[in-house]
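Me: I would like a close look at a single part of this model, please. Could you take your time over it?

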Amino acid sequence: WDGSGWQQVPPPLGVTQSYGHAMAYDAVRQRVVRYGTIDGSPPCWEYDGASWLPGASSPPALGRRWGHAMAFDEARQRIVLFGGYYCSVGCAYRNDTWEYDGAAWTQGSAAPPALTPRARHGMAFDTSRGITVLFGGWDASTGQSDTWEYDGASWSPGASAPPALTPRSGHGMAYDERRSRTVVFGGYDGSNTPLSD
C-alpha cells in the first residue's frame, strides 16, 4: 500500500498459509518482521521490499504461536513480542516477553502476575515516551481492558481504560506520531460481538 493503491508481491517460498501471526517494521534494518505459525514451517520471516527472507531461528520456548502482538522499540532498536497462544506438545495462553534484534530472539523481562496470559491483544510503540503499550486481549475466559507499558526492563500498569473502552480482543492498534497518542479500533467484546469504536 503506497497511500493510493495496493500492489501484490510474490509470496515467499517455504512459508505456508498463515493466520494469527504478527508483524512489525524494524526501522533500523528497514525490514518488516513477521512471526507466527501454526504448523511446522519456520515462524520468523523478514521482508525487505523486494523479497521475503528467513529470519533468525526461534528458541523452543518461543516456538509456534498465534494471536501474539509485536511492536518495534525504536529506543532500544528491537522487536518486542508478547504472549499469544503457544502450541508445542499442548497449547496454552502465554504472558512471556521476547525481543528480536535481527540476529537472535532472547527472552525479555517476566510479566507480573496481573498481566495475565493472553492472545489477540494489541501493541504499539509510543515514540514520544519510549514505551511499548499493550491493551486488552483474551485470556482464555474473557476479554480484557487493561493497559500495560514495557520500558525494556519491566512491565507496569498503564492508565485505567474509561468505561466506554470495553474489554476486547482482536482489535487494531497503532501509534500516531503526529498527535503523540496510541489509537485503538474495533475488536470483539466478551460475547464475541464485533465492535466499531
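Which strands each supply at least two residues of the lining of the largest pocket?

Reply: Happy to. This is a predicted model, in which local features need pLDDT of at least 70 and side-chain atom pairs count only at pLDDT 80 or more, while totals for chains, interfaces and linings use all residues. Residues are numbered from 1 along each chain as its sequence is written, and side-chain values use heavy atoms, with hydrogens and water left out.

The strands you ask about are β1 (22-26), β6 (69-73), β10 (122-126) and β14 (172-176), each giving at least two residues to the lining. Strands here are DSSP runs of E, at least two residues long, numbered from the N terminus. The pocket itself has a volume of about 520 Å³. A pocket is an open set of points on a 1 Å grid over the protein atoms alone, where a 1.4 Å probe fits, with protein on both sides within 12 Å along at least five of seven lines; lining residues have an atom within 4 Å of a point. Its volume is the space filled by probe spheres set on the points, which are joined across faces, edges and corners.

There are 29 lining residues, and M23, M70, A71, M123 and M173 are the closest to the centre. By class, 17 are nonpolar, nine polar and three charged. Here Ala, Val, Leu, Ile, Met, Phe, Trp, Tyr, Cys and Pro count as nonpolar, Asp, Glu, Lys and Arg as charged, and the others, Gly among them, as polar.

M70 also belongs to the largest nonpolar core, where M70, Y35, I79, L81, Y100 and W105 touch the most other members out of 14 residues. Such a core is a set of buried Ala, Val, Leu, Ile, Met, Phe, Trp, Tyr and Cys residues joined through side-chain atoms within 4.5 Å; buried means under 20% relative accessible area and exposed over 50%, with partly exposed in between (1.4 Å probe, protein chains only).

A174 has V183 as its bridge partner. Four residues separate the two strands of this hairpin, and S180 in the turn has a positive phi of about 55 degrees. R178 sits in that loop and counts as exposed because its relative accessibility is 72%.

Definitions and conventions
Two strands pair if DSSP finds at least two bridges between them.
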